[in-house]
Structures are given as structure tokens and as C-alpha cells.
Amino acid sequence: MKAMKKYLSLLGSMTVLLALTTTLQAVETATNDAAKTVIAFHNALNSGNAQRARMLLDDSVVIYEGGGVERSADEYANHHLHADIEFMSKMQVTMLEHQVKTTADMAVSISRSKVQGKYHDKDIDIETMETIVLKKHDGNWRIMHIHWSN
């Protein structure tokens with residue numbers, strides 16, 4: 001039972017990450033620097049570039065995924081990041097909607113995606129939602145919070 005709960009938690013997290021990937025494709029031409037940071041994060045996950053993904057996260061990022069919480073970029077990098085990258089490599093993501101709202105030094109990215117594929121011999125066909133909060137520090141946008149759900 002614990003293994004199944006952990007798997008479902010990981011699956012939910014991965015699904016949300018996939019939604020990020022699709023969001024990236026939908027706003028690839030965005031001129032908003034905060035949106036470009038979200039896109040770069042999605043691209044890093046999609047391409048398997050864990051170092052780039054980690055670099056875009058604020059050190060104190062809080063990530064909610066699959067009913068769990070990771071309270072720093074290092075915690076995420078050492079726990080779910082590589083599994084999220086693996087999961088995303090197996091999925092097809094269709095962006096259903098994506099918006100980025102920006103103020104002078106804060107931004108919120110919200111998206112909804114359809115995620116389909118096969119992972120660990122299980123068919124995946126779900127709709128995911130993602131919220132990313134960014135903060136501008138020294139002229140650079142960093143991800144402060146991610147919430148993935150399905």
C-alpha cells in the first residue's frame with residue numbers, strides 16, 4: 001500500500017511537471033521575462049538538464065506535489081527532480097491554457113494541460129494544473145513556489 005501511495009504521489013508530481021513542459025511550448029515566443037523563466041524550467045525538465053532546472057529555482061523554493069512538500073531546491077534536486085525528468089520523457093503533453101501575470105518583482109504562472117503516455121506499464125491520461133510563483137532578485141526571475149496537481 002505504501003509503495004502504491006508513493007507511486008501515485010510521484011505520478012501526480014510528474015504529471016504536473018509535464019504540464020509545465022507543454023506550457024513552455026505554448027508560450028515559447030513570450031516576451032515576458034518571468035514567462036521565459038517558466039519556459040526555461042520546462043525545457044530543462046524536458047531535455048533532462050537537471051542542473052539548469054535547479055539553477056532556475058530559488059534556494060528556498062517550496063514545491064507541493066502529489067500530497068507531499070519539498071522545502072528547498074536542494075531537497076527537490078535530491079529527491080524528485082530526476083524522477084520527474086524520467087516521467088516527462090515518456091509523456092505527450094497538450095497545453096490547454098496558460099497565463100503569466102507579472103508585477104514589478106513578482107509573477108504568477110498558471111496552466112492546465114492534458115498528459116498522456118505510458119509509465120511503468122501504466123497508461124496515463126490525466127488533466128493537470130500548475131501554479132508557479134516567481135520573484136525577481138537582482139534582475140533575475142527565480143521560482144519561489146510550485147504547486148502541481150491533477
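This is a predicted model: local features need pLDDT of at least 70, side-chain atom pairs count only at pLDDT 80 or more; totals for chains, interfaces and linings use all residues.
# Salt bridges, cores and strand pairing

At a relative accessibility of 53%, D59 counts as exposed, because the threshold for that class is over 50%.

## The charged residues

The side chain of D59 meets that of R54 in a salt bridge, with 2.8 Å from N to O. R54 itself is found in helix α3, which covers residues 50–55, and R54 also forms a salt bridge with D74, where the closest N and O atoms are 3.2 Å apart. Since D74 lies in helix α4 (residues 73–79) and R54 in helix α3, this pair ties together parts of the chain that are 20 residues apart in sequence. D74 is partly exposed, because its relative accessible area of 44% falls between the limits of 20% and 50%. When neighbours within four places in sequence are left aside, R54 is in contact with D59, A73, D74 and A77.

A further salt bridge joins the side chains of K118 and D123, at 3.2 Å from N to O. K118 counts as partly exposed, with a relative accessibility of 45%, whereas D123 counts as exposed, at 64%. Through salt bridges that share partners, R54, D59 and D74 are joined into one network. Side chains of opposite charge can pair when their charged atoms come close. In total, 7 salt bridges are counted, and the table gives some of them.

| Salt bridge | N to O distance |
|---|---|
| R54 and D59 | 2.8 Å |
| R54 and D74 | 3.2 Å |
| K118 and D123 | 3.2 Å |

## The chain as a whole

The chain contains 5 helices and 6 strands, and from the N terminus on its elements follow the order α-α-α-β-β-α-α-β-β-β-β. Of its 150 residues, 46% count as buried. The accessible surface comes to about 7800 Å², and 50% of this belongs to carbon and sulfur atoms. Among the contacts between residues at least 6 apart in sequence, 56% join residues that are at least 24 apart.

In soluble globular proteins, nonpolar side chains tend to be buried together. The largest nonpolar core here has 25 residues, of which F41, L45, L57, L81, I143 and I146 touch the most other members. Two or more residues of this core come from each of α2 (33–47), α3, β1 (57–65), α4, α5 (81–88), β5 (122–137) and β6 (140–149), and α2 gives the most, with 6 residues. Apart from this core lies another, of 6 residues, among them F87, V93, V115 and Y119.

Y119 is buried, because its relative accessible area of 2% is under the 20% limit. The C-alpha atoms of Y119 and F87 are separated by 6.8 Å, although these residues are 32 apart along the chain.

## Strand pairing and the hairpin

Strands β1 and β6 run parallel and are joined by 5 bridges, with I63 standing opposite I146 in β6. Strands β5 and β6, in contrast, run antiparallel and are joined by 9 bridges, with V133 standing opposite H145 in β6.

D138 lies in the loop between β5 and β6. In the hairpin that these strands form, with 2 residues between them, D138 takes a positive phi near 55°. Is D138 buried or exposed? Its relative accessibility is 68%, so D138 counts as exposed. The side chains of D138 and H137 are joined by a polar contact of 3.3 Å. D138 and D105 are 33 residues apart in sequence, and their C-alpha atoms are 9.9 Å apart in space.

Note on methods:
Residues are numbered from 1 along each chain as its sequence is written. Side-chain values use heavy atoms; hydrogens and water are left out. Helices (H or I, at least four residues) and strands (E, at least two) are DSSP runs, numbered from the N terminus. Contact means heavy atoms within 4.5 Å. Buried means under 20% relative accessible area, exposed over 50%, partly exposed in between (1.4 Å probe, protein chains only). Accessible areas come from the Shrake-Rupley method with a 1.4 Å probe; for residues, only the protein chains shown count as cover. A salt bridge is a side-chain nitrogen of Lys or Arg within 4 Å of a carboxyl oxygen of Asp or Glu. A nonpolar core is a set of buried Ala, Val, Leu, Ile, Met, Phe, Trp, Tyr and Cys residues joined through side-chain atoms within 4.5 Å. Two strands pair if DSSP finds at least two bridges between them. A polar contact is a pair of N or O atoms within 3.5 Å; within protein, one must be able to donate a hydrogen and the other to accept it, and residues adjacent in sequence count only if both atoms are side-chain atoms.
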